[in-house]
Amino acid sequence: MSIGRPASELPSLDQEEILRYSRHLIIPDVGVEGQRRLKAARVLMVGAGGLGSPIGLYLAAAGVGTLGLVEFDVVDVTNLQRQVIHGTKDVGRKKVESARDRIHDVNPHVKVVPYDTQLTSANALDIVKDYDLVVDGTDNFATRYLVNDACVLLGKPNVYGSIFRFEGQSTVFCTTDGPCYRCLYPEPPPPGLVPSCAEGGVLGVLPGLLGLVQATEAVKLIVGAGEPLVGRLLLVDALRMSFRTVKLRKNPACPACGTHELKGLVDYVQFCGLRGQEDVTDGIPTITPAELDERRRRKDAFDLIDVREPHEWEIGRIEGARLAPLSSFAETLRTLDSARDVVVYCKSGVRSAKAVRQLQAAGFKRVWNLAGGILRWSEEIDPTVPRY
Amino acid sequence: MPVTLRLPTVLAKSAGGQTVHEATGGTVGAVIDDVTSRHPELASRLRGPDGKPYPYVIFYLDDEDIRFQQGFATPVADGAEIVVVPAIAGG
C-alpha cells in the first residue's frame, strides 16, 4: 500500500536531493520511486509539541515534500524537556514559526504550511482535505475525536500516537478497511478522570519514542514499504521497555467508519463533556495573592492548606502552609476547624477549587481559593518560590 | 496456574502501586473480582457501578479485545494474560 500519486506523476529528484537522500535510495524498499513519493507527499501534523517534535524533524529529514503544521500554542520553557523541535531561544515564539524555522534548517527542500490556529469543527475538513495523511500529535480527547472523524469523512489515514507518564499507544487508523479511533474508544473518559501531561507529567524521552513510531508509520505508508500498523495497537511501556501489540478490530456498529451515520463533524467539546466545565472555579470565593499576603502581614488567624501532591510540595511551597493532597482530602477535612478561616491553594487554582467545594459541602462558611495558585503567588508576591 | 492481570501505571496507584497482578478466576469478570477484592479502590476504575465496561477502558485477553468475544463473561484459561488499556490523550 502506498498513498498518493501514480509513479508517472511523481516529481523528479535533482542532484543535490539524490546525494542528500542517498541512504534511502540504496534501500530497495524505498529507492528512487519511494523517495519521489516522499517528495510528492503532503502530511498534516496536528500539534507541534512532544509527539510533533520528532515527527516534524524526521519527516523533514526523510524528505516529505509538504508538511502542514496545525498548532496555536507558544513555546514555553516547560516544553523544552521534550519538545526538541524548539530551542531555548524560541521561548515565547509561536510554535508554528519555531518549528518551521527548525524544519527549514534540517531540510530546505520541505515546504512547511503553518496553520497558527486550533483545529476545530469549523476548519478541520477544509485543512485536512489538502493532505495525503494526518499524524495526530494532539494532547486532548476532543481534538483526537475531531481528527479521527475528519479523517474518516475524507478517507485519510490517521497515524495515531498518545502518551502519559511512561506509557504510550500508537496505531494507524482510518485506512480503507481498518478500524478508526471510535472503534477502539467509542466514548472519551469523563473530564478530569485522565490527567493531561501538564497535570500528570510525562517522561521527556517518551514522546521521542512514540513520535518516531508515528513518523516510521507515515514513511512506510508513503513509500508503501512493509506492513503498516493497521489493526494492531502498539503499547509501549518505557519503565519495563516492553513493546506489545494487541489486535484492533473494525467495529461494524461504529457510527463513524461502520454504519456511517456520522455525516459531518460534531461539537467535540460537548461530546467530551467539557461544555460548562470550562471554568471549575466559577462561583468559588477567591482571594488574590496580594490579599493573602496582606492577611499574612496582619498576622490574621487562618489555616493555609496546600492540596497538591507531596512531590509538588517538595518543589516549593508557601510558608506556613499545611500539606493535604486533594487525593485524600476527605481525611484532612475531618481535622479542620470550620470556625476558622481557611485558604486553599494548589498549582494553578483548579484542584483547590474542588477542595473549596468539598469544604463548603462539609459546612465551612469562611473558605477561599487562592486565585492562580502557587504559580501566581510566585509571579506576584514571592519569586523565590519556583515555578514548574 | 494463575492468570495475570496487567494494569497501566495510571491505574497502579489504585492497586497498591503494582501493575502486574496474579489472580484466579474462570472468566475475565471473575479475575477482575479477584483483584478488586484485594484492591477495592481499583473496582470503579475498571467497571461502571452497573458492572458494565467503560467505553474508554479496554480489556485484552491474550491480545484479543474481549468486546468481540463475550465481554466480562469471556472464559479465561490457566496462564492467560489480561491487559487493561485505558484511553490516554497526551501528546
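**Reading the model**

Analyst: Setting aside residues up to four places away in sequence, A:Tyr185 touches B:Pro55, B:Tyr56 and B:Ala87; contact requires C-beta atoms, placed from the backbone, within 7 Å. The model is predicted: local features need pLDDT of at least 70, side-chain atom pairs count only at pLDDT 80 or more, and totals for chains, interfaces and linings use all residues. Residues are numbered from 1 along each chain as its sequence is written, while chains are lettered from A and ligands numbered from 1 in the order in which they are written.

User: Is A:Tyr185 buried or exposed?

Analyst: A residue is buried if 20 or more other C-beta atoms lie within 10 Å of its own, exposed if 12 or fewer, and partly exposed in between. A:Tyr185 is buried, because 23 other C-beta atoms lie within 10 Å.

User: Which residues of helix H2 of chain B are buried?

Analyst: An α-helix has 3.6 residues a turn, so residues three or four places apart point the same way. In H2(B), residues 28-38, the buried ones are B:Val28, B:Gly29, B:Val31, B:Ile32, B:Val35 and B:Thr36. Down the axis of H2(B), these buried residues fall within an arc of 155° (taken from the directions from the helix axis to the C-beta atoms), so they line one face of the helix. On the other side of H2(B), B:Ser37 and B:Arg38 are exposed.

User: How many bridges join strand E10 to strand E12 of chain A?

Analyst: Pairing requires at least two DSSP bridges; helices (H or I, at least four residues) and strands (E, at least two) are DSSP runs, numbered from the N terminus. Five bridges join E10(A) to E12(A), and these strands run parallel.

Technical notes
Contact = placed C-beta atoms within 7 Å.
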